[in-house]
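Welcome! Take a look at the structure first, then try each task before reading on.

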Amino acid sequence: MPAPGRTGLVFLGARGGVLRRNDFRRIWLRALAATGLDGVRFHDLRHTGNTLAATGGATTRELMHRMGHSSMRAALIYQHLVNGRDHQIADYVDGQIRMVKQPPHGPSGT
């Protein structure tokens, strides 16, 4: 049973504390079997979380912080997922421009 709260640990040790490194594989495999997710690697959870964060609008700097990296290289792997937003961005910019009133088309006075 995971610990409650946003910062609660998902996998707990026998006494409810931090899981010992030597026990993790056994508990991880048991969790996979119980959920029918055989073949999922623990690292896949990290990849999924960062993918969701990137598609949710996380910046490169925010992804770097989440992943604990000091270089942009790893974060940029996830940023490629949001490159398909070019059309959305262009539509937004176009909408903002259209909302601005056009100046009257009369004589300029010169």
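## Exercises on helices and one threonine

Helix 3 passes helix 4 in a right-handed crossing. Keep in mind that this is a predicted model.

**Exercise 1.** Describe how helix 3 and helix 4 pack, and state which residues meet.

*Solution.* 
- Step 1: Two packed helices are described by the angle between their axes and the distance between the axes.
- Step 2: For helix 3 and helix 4 (residues 72–79), the axes come within 9 Å and cross at roughly 115°.
- Step 3: Angles of 65 to 115 degrees count as roughly perpendicular, so helix 3 is roughly perpendicular to helix 4.
- Step 4: From helix 3, the residues taking part are Thr 60, Leu 63, Met 64 and Met 67, and they meet Met 72, Ala 74, Ala 75, Leu 76, Tyr 78 and Gln 79 in helix 4.

**Exercise 2.** Now do likewise for helix 2 and helix 3, and find the handedness of their crossing.

*Solution.* 
- Step 1: The axes of helix 2 and helix 3 (residues 60–67) lie 10 Å apart, at an angle of about 160°.
- Step 2: An angle over 145 degrees counts as roughly antiparallel, which means that helix 2 is roughly antiparallel to helix 3.
- Step 3: The crossing of helix 2 and helix 3 is right-handed.
- Step 4: Helix 2 brings Arg 46, Gly 49, Asn 50, Ala 53 and Ala 54 to meet Leu 63, Arg 66 and Met 67 in helix 3.

**Exercise 3.** Is Thr 51 buried or exposed? Say also where Thr 51 is found and what its side chain reaches.

*Solution.* 
- Step 1: Thr 51 belongs to helix 2, which covers residues 42–55.
- Step 2: The relative accessible area of Thr 51 is 19%.
- Step 3: Buried means under 20%, so Thr 51 is buried.
- Step 4: At 2.8 Å, the side chain of Thr 51 reaches the backbone oxygen of His 47.

**Exercise 4.** Step back to the protein as a whole: how many helices and strands does the secondary structure come to, and what percentage of the residues count as buried?

*Solution.* 
- Step 1: There are five helices and zero strands, following the pattern α-α-α-α-α along the sequence.
- Step 2: The protein has 110 residues, and 19% of them count as buried.
- Step 3: Among contacts with a separation of 6 or more, 16% come from residues 24 or more positions apart.

How values were computed
Residues are numbered from 1 along each chain as its sequence is written. This is a predicted model: local features need pLDDT of at least 70, side-chain atom pairs count only at pLDDT 80 or more; totals for chains, interfaces and linings use all residues. Side-chain values use heavy atoms; hydrogens and water are left out. Helices (H or I, at least four residues) and strands (E, at least two) are DSSP runs, numbered from the N terminus. Buried means under 20% relative accessible area, exposed over 50%, partly exposed in between (1.4 Å probe, protein chains only). A polar contact is a pair of N or O atoms within 3.5 Å; within protein, one must be able to donate a hydrogen and the other to accept it, and residues adjacent in sequence count only if both atoms are side-chain atoms. Contact means heavy atoms within 4.5 Å. Axes are lines fitted to C-alpha atoms, for helices over the stretch in contact, and angles run from 0 to 180 degrees between N-to-C directions. Angles under 35 degrees count as roughly parallel, over 145 as roughly antiparallel, 65 to 115 as roughly perpendicular and the rest as oblique. A crossing is left-handed if the near helix is turned anticlockwise from the far one by less than a right angle, and right-handed if clockwise.
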